[in-house]
Amino acid sequence: MQQNPLYPVFTTNEQLNSKYLQYQLNEGSEFRRFSLLQKQGGSRTYMYLNKLQNMILNIPKLEEQQKIGSFFQQLDETIALHQRKLDLLKEQKKGFLQKMFV
């Protein structure tokens, strides 16, 4: 199978926690700054693998990465749980409002 050069797939090694890297790339200010510097005209920012490989990140030891990754994963799960609860409450409110005006 041939890889699309715009969407490279890569894996981490035993020195880098994949969850930590995911949060670093999706939410980290270092990556945000780096990616803005790569933008050259147009409305989209392309991050080519060779440029990504040249990026320098401050990465803590693996044990700390694992703690950070686990912490953010727990936060994501808590947010998702509360979002589902909020959605149910909104549906309940909608039902109550419909009953009020019958």
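This is a predicted model: local features need pLDDT of at least 70, side-chain atom pairs count only at pLDDT 80 or more; totals for chains, interfaces and linings use all residues.
Residues are numbered from 1 along each chain as its sequence is written, and side-chain values use heavy atoms, with hydrogens and water left out.

The chain has 4 helices and 0 strands, and its elements run α-α-α-α from the N terminus. Helices (H or I, at least four residues) and strands (E, at least two) are DSSP runs, numbered from the N terminus. Of the 102 residues, 18% count as buried; buried means under 20% relative accessible area, exposed over 50%, and partly exposed in between, with a 1.4 Å probe and protein chains only. Among contacts with a separation of 6 or more, 61% come from residues 24 or more positions apart, where contact means heavy atoms within 4.5 Å.

The largest nonpolar core consists of 9 residues: Leu-16, Tyr-20, Leu-21, Leu-25, Phe-31, Phe-34, Leu-52, Met-55 and Leu-57. Helix 1 (18-27) and helix 2 (29-38) are the elements that give two or more residues to this core, and the largest share, 3 residues, comes from helix 1. Such a core is a set of buried Ala, Val, Leu, Ile, Met, Phe, Trp, Tyr and Cys residues joined through side-chain atoms within 4.5 Å.

Helix 1 also meets helix 2 directly. Their axes (lines fitted to C-alpha atoms, for helices over the stretch in contact, with angles from 0 to 180 degrees between N-to-C directions) come within 6 Å and cross at roughly 50°. Helix 1 is therefore oblique to helix 2; angles under 35 degrees count as roughly parallel, over 145 as roughly antiparallel, 65 to 115 as roughly perpendicular and the rest as oblique. Gln-24, Leu-25 and Glu-27 of helix 1 make the contact with Ser-29, Glu-30, Phe-31 and Arg-32 of helix 2.

The second pairing joins helix 1 to helix 4 (residues 62-100), with axes that come within 7 Å and cross at roughly 65°. These two helices are therefore roughly perpendicular to each other. On helix 1 the contact is made by Lys-19, Tyr-20 and Tyr-23, and on helix 4 by Gln-65, Ile-68, Gly-69, Phe-72, Gln-73 and Asp-76. Tyr-20 is also one of the core residues.
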